[in-house]
Amino acid sequence: MNYYAIQVKSRSEEKFIKLFKSLHPDITLPIHFPQRRLDIRKKGQIKTTVSAVFPGYLFIEASEAEITHFQWDFRRTKGFFRFLKSNLEITPLADSDLELVLHFIRNSGQLAGYSRVYFNENSRIVVVEGPLSGLEGRIIKVDKRKCRAKIKLDLYNDSFSIDLAFEVIGSLEPVK
């Protein structure tokens, strides 16, 4: 099975999925929308928010024949922008793009929660479990106070960064 990326209106991903499923109840292709959970502190209050890992992108699990057959159903749905690579060249995810998307779909389900981490003697982050595991090389900034790690994601030669939350378990003791 292949995974195809479609670009839809940002912050309207769930609305697009609901609209598509209501217009086409006979099409049962899995549509994935990876999300992340973050705690945001504002005026002393902590509020848990859920937002997209890949803002404006949805991932469809389908064969090449299925995506060719149903492409116009997706394209006619309000909020649709384009297939990736382009509408003329619908290309399945491959290589590092596929690995990255599957990391969030398979390891975190549809919602990436908190990772459990340690900090070693050099104050470097060591991920024990969670959505950050396997992405240590992509971490570009760690904010210990806010318990967030900023990671750089690349999808179809486009780079962007997102914050993922972590929970500090403790510190590793220096190895003697």
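How much space lies in the largest pocket? In this predicted model, the largest pocket holds about 280 Å³ of space.

**The largest pocket**
- The residues that line the largest pocket are Asp 39, Ile 40, Arg 41, Ile 46, Tyr 114, Arg 145, Lys 146, Cys 147, Arg 148, Ala 165, Phe 166 and Glu 167.
- Sorted by class, this lining consists of six nonpolar and six charged residues, with no polar residue.
- Strand E3 and strand E12, the latter spanning 158-171, each contribute at least two residues to the lining of the largest pocket.

**The open sheet**
- Three strands make up an open sheet with mixed pairing, and their order is E4-E3-E7.
- Its edges are formed by strand E4 (45-52) and strand E7 (111-112), each of which pairs on one side only.
- Strand E3, which covers residues 35-42, pairs with E4 in the antiparallel sense over eight bridges.
- Ile 40, which is also one of the residues lining the largest pocket, has Lys 47 in E4 as its bridge partner.

**The two sides of helix H1**
- Helix H1 runs over residues 13-23, and within this helix Glu 13, Phe 16, Ile 17 and Phe 20 are buried.
- These four residues lie on the same side of H1 because they cover an arc of only 100 degrees around the axis.
- In general, an α-helix has 3.6 residues a turn, so residues three or four places apart point the same way.
- Lys 15, Lys 18 and Ser 22 are exposed, and they sit on the face of H1 that is turned away from its buried side.
- The cover over the buried residues of H1 includes strand E1 (2-8), strand E2 (31-32), E4, strand E5 (57-62), helix H2 (64-75) and strand E6 (80-83).

- Once its neighbours within four places in sequence are left aside, Leu 100 is in contact with Phe 54, Leu 135, Arg 138, Leu 153 and Asp 154.
- Between Leu 100 and Gly 134 the separation is 34 residues in sequence, and 9.8 Å in space from C-alpha to C-alpha.

Note on methods: Residues numbered from 1 in each chain as written. Predicted model: local features only at pLDDT ≥ 70, side-chain atom pairs only at ≥ 80, totals over all residues. Heavy atoms only, no water. Pairing = 2+ DSSP bridges. 1 Å grid on protein atoms, 1.4 Å probe; cavity = no way out; pocket = protein on both sides within 12 Å on 5 of 7 lines; lining within 4 Å. Points joined across faces, edges and corners; volume = space filled by probe spheres on them. Nonpolar A, V, L, I, M, F, W, Y, C, P; charged D, E, K, R; others polar. Buried < 20%, exposed > 50% of the residue type's maximum accessible area, 1.4 Å probe, protein only. Arc of directions from axis to C-beta. Contact = heavy atoms within 4.5 Å.
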